[in-house]
Amino acid sequence: MKRFNVAGKCVWLTGASSGIGEALVFELAARGARVAITARRGDVLESIKAKIPSAHGEVRCFPGDVCELTQMKEIVARVEREMGPIDLAIPNAGTHVFTVPEAFNSDEYLSLMQLNFGGMLRCIEAVLPGMLGRGRGYLAPVASLAGYRGLPRAAAYGASKAAMIHFLESIRFHLKTKGITISIVNPGFVKTPLTDKNDFRMPFLVDAQQAAKIICDGIARRKREIAFPFPFNWVLKIARMLPDPVYEKIVDRCW
Ligand SMILES: NC(=O)c1ccc[n+]([C@@H]2O[C@H](COP(=O)([O-])OP(=O)(O)OC[C@H]3O[C@@H](n4cnc5c(N)ncnc54)[C@H](OP(=O)(O)O)[C@@H]3O)[C@@H](O)[C@H]2O)c1
């Protein structure tokens, strides 16, 4: 399949004010993409935009909340009016909450689902009609290796990411016949304000700049799944195939 060169392309990225998203803004702009960036904190987006070297691709800010469908539709309409058709959308906004059974809180878990899974759905609903109309487009939502299989204290987070992975694998059957590519981005641990909250040792931790480079390289190759870092991605892939008692014993010992 033909490579996807982001140079000159219009890319819409959410969750761009911090962590992986912020690093992606710099990486995409350095590769010559024209990047429309979204997150709730517009002032932070503006300060990131101000740091982009002038020789790199253009960056424009479109603040908004990914949980609000009307806002996402308005943003897509504005981006396409001001920057042209969106070639690539990267729904990346998301967060994490720990799941502790003694403090079980279904409202908290549902609002996490609303952001991680729902936010992706809102963005896809906003951008997809234009892509379908043009008969081409590219979606690269950021899920997580945590969506592969249950992990301690990650019940709500893992469920939201598993929902994303399952949903994207399913719609790919239909969308590939309409000229739309889907890459499912599944990072392991990446050093960001999100993981700075973690109180445990994070194996194979990579920095956000490395993550952004791997994601952009994977998009260039139109990889179905951009899972990293190696070998952590393979360890968790193999773990998916283990019988439950073996998997539980290993996780109990290592996590
Ligand atoms: N870090 C990791 O190890 C890791 C591993 C696997 C997957 N991921 C996934 O990668 C994505 C980015 O994570 P990160 O580590 O970079 O986290 P982060 O540094 O906390 O950044 C999260 C981003 O999401 C935005 N956001 C949150 N709620 C939003 C909303 N309602 N509307 C619009 N934007 C919103 C935040 O901006 P505002 O606050 O300005 O809105 C921020 O830009 C997430 O989906 C996360 O689950 C991360």
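## Strands S1 and S2

Trp 12 stands opposite Ala 36 of strand S2. S2 covers residues 34–38, and strand S1 (residues 10–14) pairs with S2 in the parallel sense over five bridges. Strands (E, at least two residues) and helices (H or I, at least four) are DSSP runs, numbered from the N terminus; two strands pair if DSSP finds at least two bridges between them.

The model is predicted: local features need pLDDT of at least 70, side-chain atom pairs count only at pLDDT 80 or more, and totals for chains, interfaces and linings use all residues. Residue numbers run from 1 along each chain as its sequence is written.

Five of the five residues of S2 are buried, so the strand is largely enclosed by the rest of the structure. A buried residue has 20 or more other C-beta atoms, placed from the backbone, within 10 Å of its own. Arg 34, Ala 36 and Thr 38 lie on one side of S2, Val 35 and Ile 37 on the other.

## Helices H3 and H4

The axes of H3 (residues 69–83) and H4 come within 8 Å and cross at roughly 35°. Axes are lines fitted to C-alpha atoms over the stretch in contact, with angles from 0 to 180 degrees between N-to-C directions.

Conventions: A residue is buried if 20 or more other C-beta atoms lie within 10 Å of its own, exposed if 12 or fewer, and partly exposed in between; C-beta atoms are placed from the backbone.
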